[in-house]
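User: Hey, can you walk me through this one? I'm new to reading structures.
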Amino acid sequence: MVLLGKQSQKWIKRGGRVLMPNYARFPLVFTKGRGAILVSADNSAYLDFVSGIAVNSLGHCNKGMARAIQKQAASLLHISNLYYNIPQIELAEWLTDHSFANQVFFCNSGAEANEAAIKLARLFAKTINPNRFEIISAENSFHGRTLATLTATGQKKYQEGFEPLPKGFLHVPFDDVGALEKAITPNTAAVLLEPIQGEGGVRVPKSNYLTEVRKLCDKNNLLLVLDEVQTGMGRTGTLFAYEQAGITPDILTLAKGLGGGFPIGAMLARQKIAAVFTPGKHAATFGGNPLACSVALTVSKQMTPSFLKRVQDMGNHLFKNLVLLQSKTGLIKEVRGAGLLVGIDLSLPALEIIKKAHDKGLLLSRTSGHTVRMTPPLTVSCKEIDQAVSIFEEVLGVKA
Ligand SMILES: Cc1ncc(COP(=O)(O)O)c(C=O)c1O
């Protein structure tokens, strides 16, 4: 049990009165952070293996990001997309230089990026055949909380109570090309997938899955939309997870790690597809504002080959240590993931373990009742990984 300090108690009470009850929050109030460490209102330090759910890729309060924010805030914050701004153009150039895409639309979150992708896919598909509007996504997927994205999400719990849901969304089992092939109809516009299902339990598909899906999309003239909101921007050890599958999508969505903690989302596409987004078809008032884009550009420029190689090395180190721990206890059923996105299936409730980890100064998240997820900052050190695994070992009762 965490014993709440006076400061935390005060803020939790005040928050409970004025904040809507839509989050199941832990009784923790954080006031500052540095690297992989967060400090609570009562001055306790925690090792952060959540990173704002795969967001703080450069750790907390990265100096370069802080400088970029200060510099941009002192010159230009917002001007609207009625005009051009330079950081937006530079960030779009960086993203297109480093991906399959030629053009970018900016927004503020993952759900917004996917909402834009769904609209673009439908609009483009109608140029092939006016009856095409259906989007096939995967069971167990997660694509966001707007009405369209929660309908694309293949988990009933996110949809309950919000019916009637928009039409034109179908779900098939993940990692099953045969099921996908059967679901394609003359009305299918696009296939929307996460390369690795994040919220669905860090599910890594078979190595040929995306290649086969790509072939199927090509054969049927369908768009392949990849949601890399969680896997993108270095999280899995390459800039984008699709690179590891040796394919390219037609549309890609990003958010989370792109801004490293500053809200920004992006949808990337080839020029031929993007061309249907003519003036008036879509917009976001804050999308691509100079502040968000200059921060995201600072984060993006850190994603050098040597940085990504280090993410792979740290990911391997974490994975190896967790597999070693698995060999010492029957409580770990499976360790899954890529890079620094790791899921650990337990034979006991994940929440119980997370609370015990809090008591020992380690922050973890969960994706379901029995799956703990580790998503440290991409800048995490070997020593911090060892510390986290050692605490995890203690809370599992392997180490006295
Ligand atoms: C794969 C994926 N897509 C979309 C989203 C939604 O992103 P946001 O919460 O920024 O709207 C998430 C969030 O967890 C996600 O993991």
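User: Is Cys293 buried or exposed?
Analyst: Cys293 is buried, with a relative accessible area of 0%. Buried means under 20% relative accessible area, exposed over 50%, and partly exposed in between, using a 1.4 Å probe and protein chains only. Keep in mind that this is a predicted model: local features need pLDDT of at least 70, side-chain atom pairs count only at pLDDT 80 or more, and totals for chains, interfaces and linings use all residues. Residues are numbered from 1 along each chain as its sequence is written, and side-chain values use heavy atoms, with hydrogens and water left out.

User: And what about Cys61?
Analyst: Cys61 is partly exposed, at a relative accessible area of 47%.

User: How many disulfides are there?
Analyst: The structure has 0 disulfides. A disulfide here is a pair of cysteine sulfur atoms within 2.5 Å.

User: OK, new topic. How do β1 and β2 pair?
Analyst: β1 (residues 30–34) and β2 (residues 37–40) are antiparallel, over 4 bridges. Two strands pair if DSSP finds at least two bridges between them. Strands are DSSP runs of E with at least two residues, helices are runs of H or I with at least four, and both are numbered from the N terminus. Lys32 has Val39 in β2 as its bridge partner.

User: What's in the turn there?
Analyst: The two strands make a hairpin with 2 residues between them, and Gly35 in the turn has a positive phi of about 60°.

User: What does β2 do with β3?
Analyst: β2 also pairs with β3 (residues 45–48) in the antiparallel sense, over 3 bridges. Ile37 has Leu47 in β3 as its bridge partner. This hairpin has 4 residues between its strands, and Asn43 in the turn has a positive phi of about 70°.

User: How many helices and strands does the protein have?
Analyst: It comes to 14 helices and 15 strands.

User: How much of the protein is buried?
Analyst: Of its 400 residues, 53% count as buried.

User: What size of box do the C-alpha atoms fill?
Analyst: Roughly 65 × 55 × 45 Å, taken along the principal axes.

User: And what is the radius of gyration?
Analyst: The protein has 21 Å, which agrees with the value near 21 Å for a compact globule of 400 residues. The radius is taken over C-alpha atoms, and the globule rule is 2.2 Å times the number of residues to the power 0.38.
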